[in-house]
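Please read the following notes alongside the sequence and the coordinates. They take up the points in turn.

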Amino acid sequence: MKQFRPAPGDRRAGIRRGARAGRGLPGSPAARLVAALAALVAGLVVVLVPTVASAAPVCKVDYTVNQWQGGFTASVRLTNLGSAVSSWTLRWTAGTSQQITNAWSAQVSQSGTTVTATNASYNGSLATGATADFGFQGTWSGSLTPPSDYYLNGVPCGGTSSPSPSPSPSPSASPSASPSPSPSPSPSPSPSPSASPSASPSPSPSPSPSPSPSPSPSPSTTPSTGCSGSGLVVCSGFEDQSGTPSGEWQVSTPNCSGSGTATIDTSTAHSGGKSLRVNGGGNYCNHMFVGTTKNVSAIGPVVYGRMWVRHTTALPANHVTMITMADSRDGGKDLRIGGQGNALQWNRESDDATLPEQSPAGIALSAPLPTNRWVCLRFQIDTSQQAMRTYLDDQEIAGLRVDGTPTQNVDAQWLRRTTAPRPTTFRLGWESYGSDSDTLWYDDVALGSSPVGC
């Protein structure tokens, strides 16, 4: 039988027609192979997407402790390493035996071992790289261990957030997926990992970009700042002074004089270009004070005071004085603001009463005076009743408050005298009743009959 052979031209045409026909059939072996390979590649892409959101560090915390038996103070410096924030909250875990009693330059609260610090009204905005300083005082027993697990606005300071559930592989990526006639090399615009560290729950409290009400528990009247308030009798940044204080400020060394000095400093100032510098020596006669010549006795019925203070040496265990006011209702004896037990205190010269009492519990309700930075110290003295309040950086110090209601470990000594004080002088300086010395600067001092803010 004669075999039929197609003409050469017909054979090539048949092959071409067969190839076109085979390529167009979705069920052909070639189409199934292409679909399987595409699904496998897509599965590999999903597997390679990271499952944990990694972020750069968002903050750094420097934690410095000064401790003694049963008590401690901590100075904290928060550095923002992430995006700028308009307010901040720092959270950490304290040791089980630690209890915070008071704080300054931040609102600090404790629940169990969880401690939360929120910015004050003046240090909430932190640009990238900016810092905020605050501190607190507390009690401890057993051992005092520093914290390490800091969280800034809910994000771990180290920058490693909790595992992100987002880019988990889709189960529909298996090769058994319905064969797509034309598998796209990238089925979706692959989930790019978030570039910013804030891929985890939004840490910045955008609904309230600034902490609205001031944390200062001061009187309902909004305190004025600078020298803008009414009723100010004293308001000085020492800009009109030079060399040894003179004119409206006079040097004073009661009873005896020694190595203490007072000068107008042009190298260190809180504002402007000058401040009052006092080099106070150890032992009583090496004291030094500078007092105003203004009529302080005209201020009332409440005497409000404010000054910015900077000093080099932490308050000692022994009794020292920095500010004095002669009390005309107590034989001209001084009301004193100073320190003892490493913390701030009020002292009455006439009977040596202290506020708070110098018990461990009383001292724990006061606060140290931070060193090597400017701090705002405010007070108010009611001349019509026994009532006083004291603030450090707009944070009221509980142990330095007299409100007419006896408070254990605080005001029992102070309330022995029922007559309200009547300050008639005002002096800044240093006086030591031991061997302790210090260098202090005073600036932006104000005294008047209306609240004065920082």
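Is Cys376 buried or exposed? At 0% relative accessibility, Cys376 counts as buried, where buried means under 20% relative accessible area, exposed over 50% and partly exposed in between (1.4 Å probe, protein chains only).

1. Basis of the note. This is a predicted model, in which local features need pLDDT of at least 70 and side-chain atom pairs count only at pLDDT 80 or more, while totals for chains, interfaces and linings use all residues. Residues are numbered from 1 along each chain as its sequence is written, and side-chain values use heavy atoms, with hydrogens and water left out.

2. Confidence. pLDDT is the predictor's confidence in each residue, from 0 to 100. Its mean over the protein chain is 79, and 70% of the residues reach 70 or more. Residues 40–54 stay under 50 throughout, and the model gives them eleven contacts beyond four places in sequence; contact means heavy atoms within 4.5 Å. Residues 160–221 are also below 50, and this stretch has 59 contacts in the model beyond near neighbours in sequence. Where pLDDT is low, the predicted coordinates should not be read in detail.

3. Overall content. The protein chain has three helices and 24 strands. Helices (H or I, at least four residues) and strands (E, at least two) are DSSP runs, numbered from the N terminus. Of the 454 residues in the protein chain, 43% are buried. Among contacts between residues at least 6 apart in sequence, 73% join residues at least 24 apart.

4. Disulfide of Cys376 and Cys454. The structure holds three disulfides, a disulfide being a pair of cysteine sulfur atoms within 2.5 Å. One of them joins Cys376 to Cys454, with an S to S distance of 2.0 Å. This disulfide is left-handed because the torsion about its S-S bond is about -95°. Cys376 lies in strand β20 (residues 375–382) and Cys454 in the segment after β24 (438–448), so the link ties together parts that are 78 residues apart in sequence. Cys454 is partly exposed, with a relative accessible area of 26%.

5. Disulfide of Cys59 and Cys157. The S to S distance between Cys59 and Cys157 is 1.5 Å, and the link is left-handed, with -85° about the S-S bond. It connects distant parts of the chain: Cys59 is in strand β1 (residues 59–68) and Cys157 is in the loop between β9 (155–156) and β10 (232–236), 98 residues apart. Both Cys59 and Cys157 are buried.

6. Disulfide of Cys256 and Cys285. Here the S to S distance is 1.9 Å. A torsion of about -100° about the S-S bond of Cys256 and Cys285 is why this disulfide is left-handed. Cys256 sits in the loop between β11 (249–252) and β12 (261–265), and Cys285 in the loop between β13 (275–280) and β14 (288–292), 29 residues apart. Cys256 is buried, at 19% relative accessible area, whereas Cys285 is partly exposed, at 33%.

7. Nonpolar cores. A nonpolar core is a set of buried Ala, Val, Leu, Ile, Met, Phe, Trp, Tyr and Cys residues joined through side-chain atoms within 4.5 Å. The largest has 45 residues, and within it Trp346, Phe426 and Leu428 touch the most other members. Beyond four places in sequence, the contacts of Phe426 include Val290, Val296, Met307, Ile323, Phe379 and Leu447. Another core, of 28 residues, lies apart from it and has Val61, Trp92, Leu144 and Leu152 among its members. In soluble globular proteins, nonpolar side chains tend to be buried together.

8. Open sheet. Five strands form an open sheet in the order β5-β6-β3-β8-β9, with antiparallel pairing. Its edge strands are β5 (106–111) and β9, each pairing on one side only. Two strands pair if DSSP finds at least two bridges between them; six bridges join β5 to the antiparallel β6 (residues 114–119). In β6, Thr116 is the bridge partner of Ser109, and Ala117 that of Val108. The hairpin of β5 and β6 has two residues between the strands, and Gly112 there takes a positive phi near 65°.
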